[in-house]
Amino acid sequence: MNKNHDSRAGQRPATRADRDASAVIATDKPAPPMPAVLTKQCSNCGAPIQIPDFTSPDLLEGRLWSDLRFDSAHFSEPPLLGKCPSCGALGPLAELPPMPESSSIQPDDRYNYQALDSDDYAALLEEAGDIAPPFHSYLRIRFWQLSNDRRRGGDSVPLSEAERANMLALLELLGSRPADRLMRAQIQRQLEDFEGAQATLDTPFDEQLAPLVKRLQRLAAEGDPGLMELFAGDPRQAAWLLSLDGV
Ligand SMILES: [Zn+2]
């Protein structure tokens, strides 16, 4: 293309089409800001591993589901466990040492930690054998929530045998905290034990959770095994979420 033609085109008065195009651009939602990252060092290969900085307020926007999965625009799971993007070693990300400052590594997407998927959690549960109860329930919760991702669009995907076995084992591990009881009620609905879910939801909850518990009770009464979106936005704006410890 000829240069003069380009510069003339740049100077011509804006047409209606141009104004419409810029209006579209102006009303387009801006891309979410990139979250701040912490750069850790892989204890296996020494390569950098970036994890989101969870003290950064931008990270809190997201959706909370009735299996208590918090789905953020910026990360697919809180990085308790993750994989090194260079060597694939799996480990507890928060416990990795920071990258030495002398390395002068600049943030780069290719250093982002790799999130585990439901197959990774299933494999960990198979390999783990005797594991400490809090970690055991963490693995089972993550396996359950990640398997449920296939159902968040409203699709009724039947439970696999592995999912069913995991949910039954998880019921044995959940305690009496409000978050545990909400997860229990969700599992009971998914297993079509609607009476069990009603009984779980009939136990007293904090007053602030009452509207939410009411919605879940309705689903149990209707025999609905589906997942429900409980909240979308910044959870700091929802006081009732604060009474859900463990989310
Ligand atoms: Zn590595």
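Start by selecting I49, L93, A185, L201, L216 and A220, which have the most contacts inside the largest nonpolar core, a set of 33 residues. A nonpolar core here is a set of buried Ala, Val, Leu, Ile, Met, Phe, Trp, Tyr and Cys residues joined through C-beta atoms within 7 Å, and a residue is buried if 20 or more other C-beta atoms lie within 10 Å of its own, exposed if 12 or fewer, and partly exposed in between, with C-beta atoms placed from the backbone. This is a predicted model, in which local features need pLDDT of at least 70 and side-chain atom pairs count only at pLDDT 80 or more, while totals for chains, interfaces and linings use all residues. Residues are numbered from 1 along each chain as its sequence is written.

Among the elements that each supply at least two residues of this core are β2 (48-52), α7 (194-202) and α8 (210-221); helices (H or I, at least four residues) and strands (E, at least two) are DSSP runs, numbered from the N terminus.

Next, select α8, whose 12 residues should span 16 Å at 1.5 Å a residue, and whose end C-alpha atoms are 16 Å apart, in agreement; the expected span is 1.5 Å times one less than the number of residues. Within α8, colour the buried residues L212, V213, L216, L219 and A220. They lie on the same side of α8, because they cover an arc of only 115° around the axis, the arc being that of the directions from the helix axis to the C-beta atoms.
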